[in-house]
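This report goes through side-chain pairings, salt bridges and nonpolar cores in one protein model. The sequence and structure come first.

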Amino acid sequence: MQLPPRCEVIPLENQQFSFRVDGIEKTRWHGSGTTPRPFFFPMNGPSGQTLTRMGHPGAADHDHHRSVWFAHNKVLGIDFWGDASDARIQQTQWYVMEDGDQSCTLALELAWNDGHEPAPLMTQELIATLSPMNNNEYLLDLQSTFRPTAAELELQQSNFGILAVRVAKSLSGHFGGGTLTGASGEQGEINLFGKSNAWMDYTGPVSVLNVNGERESVIEGITYFDHPVNKYYPAKWHVREDGWMGASACRDAGIIIKRTEPLVLRYLLHAHRNTIQPEVANSISNDWAKRPMRTVVKGKGHQQYLLEPLS
């Protein structure tokens, strides 16, 4: 009897997609449109406990912090970051669900709508690939291609955008026992805020039950990698001791996107055991930089769309 692939993307109600390895969910995409923008939640660590959270542990006006999400503070002056504006990022369709023993992939389209015009300001082709590693660790590769509807569009200068991660309370430096570490080896918000780094890590304690049913603490974390293809690499990071990190693609200057020259941004998240091992992180970064990017193309027959190498 043939076994199903080890890695699967399982579609669920309300445009949710569960990323599973050996039948166990690692993360879930929420694209229903019931919130101002889609997001991944939970992002489970090797122990099975989530390493991210919905919202800020101590500030109700930060409910727009939804685990792992895409947003930007100033798109032609329009706020796609907070929840107060009419701007919305909406999933318009999924293209490909690809299963396999080495990885699984979900490709879909997001529309960035200003809330007033029927046509979006731009579309985002998102290709999310989850690859398992040893010891229940895994990688989540997030490649986005942004295409404006007009001839060109500006992502204006801002600390906020484009991929943000709100870690679990216990991983936070302020609310928990976590530590921020950059590729430079420096630690803490004061040493890392606004500084260039190829990757950033948030690691801290997670509560689990041992084999005897007793509660104990294990150390797990998320390493967030910037990619050499990204403009202004290595990114200058917006990081906080209260538990979030983001590679600021437009921290020092805006980015002009042309219809004829789409913007490609690629990021990687590593859910790992134990404290950050810089040599492991650097090895992952180097290997990932060599992996080809892909794009969605028209298919044939029963396969409406396919993924092919990005030229």
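## Strands, loops and Glu13

Strands, labelled E, are DSSP runs of at least two residues, numbered from the N terminus. On that basis Glu13 lies in the loop between strand E1 (7–12) and strand E2 (16–21). The model is a predicted one.

Glu13 is exposed, with a relative accessibility of 67%. Its C-alpha atom is separated by 8.6 Å from that of Ser32, a residue 19 places away along the chain.

## Aromatic pairs

The structure holds 12 aromatic pairs. One of them joins Trp81 and Phe160, with 5.2 Å from centre to centre and 55° between the planes, and is classed as tilted. Trp81 lies in the loop between strand E5 (68–72) and strand E6 (88–98), and Phe160 in the loop between strand E10 (152–155) and strand E11 (161–166), so this pair ties together parts 79 residues apart in sequence.

The two partners fall into separate accessibility classes under the cut-offs of under 20% for buried and over 50% for exposed. Trp81 has a relative accessible area of 5% and is therefore buried, while Phe160, at 29%, counts as partly exposed. Both residues belong to one aromatic cluster that is formed by Trp69, Trp81, Phe160 and Trp244.

A ring also takes part in a contact with a charge: the charged end of Lys231 sits over the ring of Tyr232, 5.2 Å from the ring centre.

## Salt bridges

A search of the whole structure finds 11 salt bridges. In one of them the side chains of Arg28 and Glu25 meet at 3.0 Å, N to O. Arg28 is partly exposed, with a relative accessible area of 22%, whereas Glu25 is buried at 19%.

Arg147 and Glu125 form another salt bridge, at 3.6 Å from N to O. Because Arg147 lies in strand E9 (residues 138–148) and Glu125 in strand E8 (residues 122–132), the pair ties together parts that are 22 residues apart in sequence. Arg147 has a relative accessible area of 31% and is partly exposed; Glu125, with 6%, is buried.

The side chains of Arg266 and Asp141 meet in a salt bridge with an N to O distance of 2.7 Å. This pair links distant parts of the chain, 125 residues apart: Arg266 is in strand E18 (residues 263–273) and Asp141 in strand E9. Arg266 counts as buried at 3% relative accessibility, and Asp141 is buried with a relative accessible area of 10%.

## Nonpolar cores

In soluble globular proteins, nonpolar side chains tend to be buried together. Here the largest nonpolar core has 59 residues, and the members that touch the most others are Phe19, Trp29, Leu142, Leu155, Tyr224, Met245 and Leu269.

Which residues are in contact with Leu155, leaving aside its neighbours within four places in sequence? They are His72, Lys74, Val75, Met122, Ile162, Cys250, Gly254, Ile255, Ile257 and Leu263.

Notes:
Residues numbered from 1 in each chain as written. Predicted model: local features only at pLDDT ≥ 70, side-chain atom pairs only at ≥ 80, totals over all residues. Heavy atoms only, no water. Phe/Tyr/Trp six-rings, centres within 6.5 Å; stacked < 30°, edge-to-face > 60°. Helix = DSSP H or I, 4+ residues; strand = E, 2+ residues; numbered from the N terminus. Buried < 20%, exposed > 50% of the residue type's maximum accessible area, 1.4 Å probe, protein only. Lys NZ or Arg CZ within 6 Å of the ring centre and 35° of its normal. Salt bridge = Lys/Arg side-chain N within 4 Å of Asp/Glu carboxyl O. Core = buried A, V, L, I, M, F, W, Y, C linked by side-chain atoms within 4.5 Å. Contact = heavy atoms within 4.5 Å.
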